[in-house]
Amino acid sequence: MSTGRKLPLAATAILAAVALADCDNRNAYVPPPPPKVTVATPHQRNVTLFFEGTGNAAAVNSANLVARVAGFVESINYKDGDIVKKGTLLFTIEPEIYKLKLEQAKAAEAAAQATVTQTDADYERQATLLKTSAASKATLDNATAARDTAHANLIQAQVNTRLAEMNDAYANVSAPFDGIVTARTVSVGEYVGGTTTPTVLATIVQIMPIYVNFNVSEDDVIRIREDMRKHNLTPQDLKKLPLEVGLQTEQGYPHRGTLDYAAPTISPSTGTLAARGILENTDRALLPGNFVRVRVPVGSPLENALLVPETALGTDQSGRYLLVVGKDDFVEQRKVEVGPPEGIERVITKGLAADDRVIVDGLLRAIPGQKVEPHIASTAAR
């Protein structure tokens, strides 16, 4: 009987020990696996260096159309906002009056010419008679004075005719260049030009081509001039440089032109140099006053430059950095120097090697000094 009781007790003790051991295994701390991150080596390609800045579009030509003669507006020969060619008739201001004044001036000139002919002949006659003593010196002097007066009157008549011709032309206000004419400021039948201040009839603006004005900082000017000296470039060579422009709402720089002008001096008040580009603007995408982004290629291209996604870069008090997976898959914070942007990537000029594994995704899970599980980024993702 006693042996039969002891066997169940022993078995119970063994089972209890096994259960306790299994419970201890389940409660033991198991460290989490390293966080997964996506890595990629830097892209390598030749990169063109650009000066990048901001500026404003400006009209190549802009002029107020004013009434240069007084009178009533007889006709307005365009619709507000029309695109017109140089020489297109836009306004007429009582042209009949100025045609009559021109005819009057021409008639006065013809009369003055006839008087010149008569006085020239009379002078010749008196000069001949004086040689034969058939006329007195006083008579010749009178003939000379009459001749000179007639010539002077002819010159005055010719000037009056020219002025009348100009006023006749001013009665017809035409486009001085190709452009867009703004809304008129006067109406048909309105009296204009009757004051000392000319009456503005409308404004014409030329936007094909169009200027883009921007400023270059003194540091950039020094750098560009140094590069010009290295490559034996002259200021005239700068005008051959292509210029790229983008609007605020556009991606990249879709509009192309050339550098047109650079000021000979740096402004002491702003420390910048004024520059200007010119674009054909055949699609009229740019309007005077538009705020634009500008870039101009400068310097020699960077060969085999290293590029990483802009999103991989971090910033702290000491500057820019990248998180790199180093030996044994531990994360390193790498201080780097950056160059110009290239689309969604950024050129790295210092601090990075071509075979470095840069963390491009999972940055929040990567802590410098800790281990990670790196996965190579796919080509499509890069």
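Two strands count as paired when DSSP finds at least two bridges between them. Keep that in mind, since bridges come up several times in this talk.

The model I am showing is predicted. Let me start with one bridge. In strand 9, Gly71 has Val192 as its bridge partner. Gly71 belongs to strand 4, residues 71–76, and two bridges join strand 4 to strand 9, with the two strands running antiparallel. Two bridges is what the definition asks for, so strands 4 and 9 count as a pair.

Four strands make an open sheet, in the order 7-6-4-9, with antiparallel pairing. Which strands are at the edges? They are strand 7, residues 172–174, and strand 9, residues 191–192, and each of them pairs on one side only.

Next, strand 1, residues 36–40. Strand 1 pairs with strand 22, residues 373–376, in the parallel sense, over four bridges. Within strand 22, Ile376 is the residue opposite Val39. Strand 1 also pairs with strand 21, residues 357–361, this time in the antiparallel sense and over three bridges. There, Ala40 stands opposite Val358 of strand 21.

Now a single residue, Asn281. Where is Asn281 found? It is in the loop between strand 13, residues 272–279, and strand 14, residues 291–297. Is Asn281 buried or exposed? Asn281 has a relative accessible area of 7%. Buried means under 20%, so Asn281 is buried.

What does Asn281 touch, leaving out residues up to four places away in sequence? The residues are Ile207, Met208, Ile210 and Leu286. With Ile207 there is a polar feature as well: a polar atom of the Asn281 side chain lies 2.8 Å from the backbone oxygen of Ile207.

Last, the whole chain. The protein chain has five helices and 22 strands. Its C-alpha trace spans about 190 × 55 × 35 Å along the principal axes. The radius of gyration is 44 Å, whereas a compact globule of 382 residues would have one near 21 Å.

As for burial, 32% of the 382 residues count as buried. The accessible surface of the chain comes to about 23,200 Å², and 55% of that belongs to carbon and sulfur atoms. Finally, take the contacts between residues at least 6 apart in sequence: 75% of them join residues at least 24 apart.

That is the end of my talk.

Definitions and conventions: Residues are numbered from 1 along each chain as its sequence is written. This is a predicted model: local features need pLDDT of at least 70, side-chain atom pairs count only at pLDDT 80 or more; totals for chains, interfaces and linings use all residues. Side-chain values use heavy atoms; hydrogens and water are left out. Buried means under 20% relative accessible area, exposed over 50%, partly exposed in between (1.4 Å probe, protein chains only). A polar contact is a pair of N or O atoms within 3.5 Å; within protein, one must be able to donate a hydrogen and the other to accept it, and residues adjacent in sequence count only if both atoms are side-chain atoms. Contact means heavy atoms within 4.5 Å. The radius of gyration is taken over C-alpha atoms; the globule rule is 2.2 Å times the number of residues to the power 0.38. Accessible areas come from the Shrake-Rupley method with a 1.4 Å probe; for residues, only the protein chains shown count as cover.
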